Amino acid sequence: MTPVDTVAIVDWSGGNDTGPRPRRDAIWLGVTRHGQDQPPAYLRNRTDAETALATLIDTERSAGRRLLIGFDFPFAYPSGFAQALTGQADPLAVWDWLDQQITDTPRANNRFEVAGAINRALGQGRGPFWGNARPGHDIPGLPRTKAGYANPFADRRAVEHAAPGSFTCWQLAGAGAVGSQVLMGLPVLARLRRRFAGHIAIWPFEPLDRPVAFVEIWPSLIDGAVKRAEAQGGIRDAHQVRLLARALARLPEPDLRAMLHVDAPEEGWIMGLGHEDKLEQAAAATDAATTHGADDGAEDAGTDTATPLAPPPLRDDCFALPAGVDWTPVDDALALLRTRLHPVVAQTDRPLSQALGRILARDVTALRSNPPQPNTAVDGYGFAHASLTTGDQVLPLVQGRAAAGIPFDGTVPPGHAIRVLTGAALPAGVDTVILQEDVTATTTHIAFRPGIKPGANTRRAGEDVTAGTAILAAGRRLTPADLALASATGRAALPVHDRLRVAVISTGDELIEPGDPAGPGQIFDANRPMLLGLMQQFGFDTLDLGRVPDNRAALRTALDRGASGADVILTSGGASSGDEDHVSALLNEAGAMTEWRIAVKPGRPLALGLWSGTPVFGLPGNPVAALVCTLIFARPAMGLLAGAGWQAPQGFDLPAAFEKSKKPGRREYLRARMRDGRAEVFTSEGSGRISGLSWAEGLVELPDGAAQITPGTPVRFLPFGSFL
Ligand code: AMP
Ligand code: MG
């Protein structure tokens, strides 16, 4: 396998929901992406864990990153069990079998019943499973202890003989037992494997030639590093997943390969067993390098992120289409783009003043809590609530005051009050503030009515954001409010992607520049100003490469300039397969172009290809088709290239204000706008009608199949703004 971009480690649990507060012996997920640790995630039950894992797989795949996920429980049972249980010697058949039998909710599951049933079927009710964590509730066929126990299979896998301190997967209860985790873990893995069929390889049973690999790991292999981290405080499981993810992510490639090189086709293996020193080294070396506690320094400017991280190139075949398909449905075309493209822009740390509108390259956490210390939310008087008496209050004032940025040094004695101004840190001895409008004040005393609640008019430290928690997620286009949040929580710089640079070229002998004298048969270039404008609205840098006549040499020169000066090239015109369709002809010649015949209207074939490694989107020449194809296909693809992930436009249903009978076969986009809560469409559907584009404020999307639309029929409206 090629090296992985992202390593995730899961510390599993066979028990029930562990509640809202992070705690040990729950499920924990540690992720290290491109060498950067993410804060470990606490997952209170397996339902949440399954969702988190599916999201992770989705995110990494759509970003084109290779992902390795390690789980801390056996992937298989001792030899012979799969055959006896399922009739096949395939350990993955056990996964599917268990998925069929196990029922699981955050509050209850049937693992002991299933184990009892297996024992009755395969071991006369005396084994292979034993152990029952339900006091007073016996399970037929499941021995509670090893008394009377008989196991028709081996007690341990070969790997467990080589791993002192490991537990047998047959033991379902008792401290350290792993059996319940296996029964409750394999069904989840089986579902993920089906859901992402063809994208996940299960080690060591399948070749590692897919973008995602599941491996079996064992946190005890890095016990030394975990113990040292634990001595500094924090939850053991969180340290385990964080350190193990980091260790695997930072292993030199030959070591990683050596660890993956095992032969255990039936029982599986623990990755890294026998290489403990290498793992400990990788975990410890990196641990010493960062000493920022909860934050781990992963996003700090000035470490290894100061030099831009250059992304890998796109694959040559990223625009290939499945053979033999005539017209590709829109959703298939989008799904292909989504799985094949990944960010092509480098990432750098930039000061907040340069970050607006850029795309965040990594998840970012708060360095400091907001507010950093308890403070007052109003102008008034502060005191200790516990020192109040019953009835009306008269409190002497201490000398001095506390204002924002000018704290009061002393301590306010019980039964006293102090003048405080909005934003001031609460002085020692103060936990409650009364509004100045609610008191009668002299220079020495204040008086007020009873009834104020403890803590009134104060803000708790960290009530908005606690240090160390996630504040902004990778892929986000930074808004002014994001900059406020980053600044308030101590971030002076943010890891952002370079802006995607897009070259725009118009092709056609008929085109002239607006303002030029127009001869017969000539038209002014409409697409270029439109496409350049769209790219700017998307937040990209543009490179205007002008108009190019229908002539290969000229087009070649323009494409060369685009490939050297931009990350993406957008052309319009000449994209079909006619005599003057030089864009497709040239890209074809270069051997890296595919004509995408997408079942969409408006839109003739799109020509997608790589020119010297730079992706080219060859749009149709008709302005309406050029705009629709840009919004529907190029926009989400460019979002991926730019590091923002896959963004589908957010539309909503509106009653139609028009009538239309739509034939099946092609998805259709109509120029539309919303008036009085209904969707109006432009009178003419002609794809050269630029006035209709300008009239429209969005698109109505009609489904691939036939549709009969009458006034009032709900139709999907996609405002132009939702593509930004
Ligand atoms: P083509 O895709 O090159 O066959 O062009 C299809 C139609 O779109 C023709 O009528 C072209 O004249 C027109 N067209 C192509 N490029 C532009 C452009 N940049 N501005 C306005 N119309 C264009
Ligand atoms: Mg043309």
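**Second largest pocket**

I began with the lining of the second largest pocket and looked for the element that gives the most to it; that is H8, with 3 residues. I kept in mind that this is a predicted model.

Next I looked up the space in the second largest pocket and noted about 900 Å³. I then went through its lining, which has 38 residues. Lying nearest the centre are Asp25, Asp72, Gly176, Ala177 and Gln181. Two elements give two or more residues to this lining: helix H6 (179-195) and helix H8 (236-250).

How does the lining of the second largest pocket divide into nonpolar, polar and charged residues? I wrote down 14 nonpolar, 13 polar and 11 charged.

**Ligand 1**

I turned to ligand 1 and found 14 residues around it. The ones that come nearest are Glu510, Asp525, Ala526, Gly574 and Arg604. By class, I sorted the shell around ligand 1 into 4 nonpolar, 7 polar and 3 charged residues.

Which atoms of the protein lie at 2.8 Å and 3.0 Å from an oxygen atom of ligand 1? For Gly574 I found a polar backbone atom 2.8 Å from a ligand oxygen. For Gly621 I again found a polar backbone atom, at 3.0 Å from an oxygen of ligand 1.

My last entry is on cover: ligand 1 taken alone exposes 480 Å², and the protein buries 76% of that.

Definitions and conventions
Residues are numbered from 1 along each chain as its sequence is written. Chains are lettered from A and ligands numbered from 1 in the order in which they are written. This is a predicted model: local features need pLDDT of at least 70, side-chain atom pairs count only at pLDDT 80 or more; totals for chains, interfaces and linings use all residues. Side-chain values use heavy atoms; hydrogens and water are left out. A residue is near a molecule or strand if one of its heavy atoms lies within 4 Å of it. A polar contact is a pair of N or O atoms within 3.5 Å; within protein, one must be able to donate a hydrogen and the other to accept it, and residues adjacent in sequence count only if both atoms are side-chain atoms. Accessible areas come from the Shrake-Rupley method with a 1.4 Å probe; for residues, only the protein chains shown count as cover. Ala, Val, Leu, Ile, Met, Phe, Trp, Tyr, Cys and Pro count as nonpolar, Asp, Glu, Lys and Arg as charged, and the others, Gly among them, as polar. On a 1 Å grid over the protein atoms alone, a cavity is a set of points where a 1.4 Å probe fits but cannot get out, and a pocket is an open set with protein on both sides within 12 Å along at least five of seven lines; lining residues have an atom within 4 Å of a point. Grid points are joined across faces, edges and corners, and a volume is the space filled by probe spheres set on the points. Helices (H or I, at least four residues) and strands (E, at least two) are DSSP runs, numbered from the N terminus.
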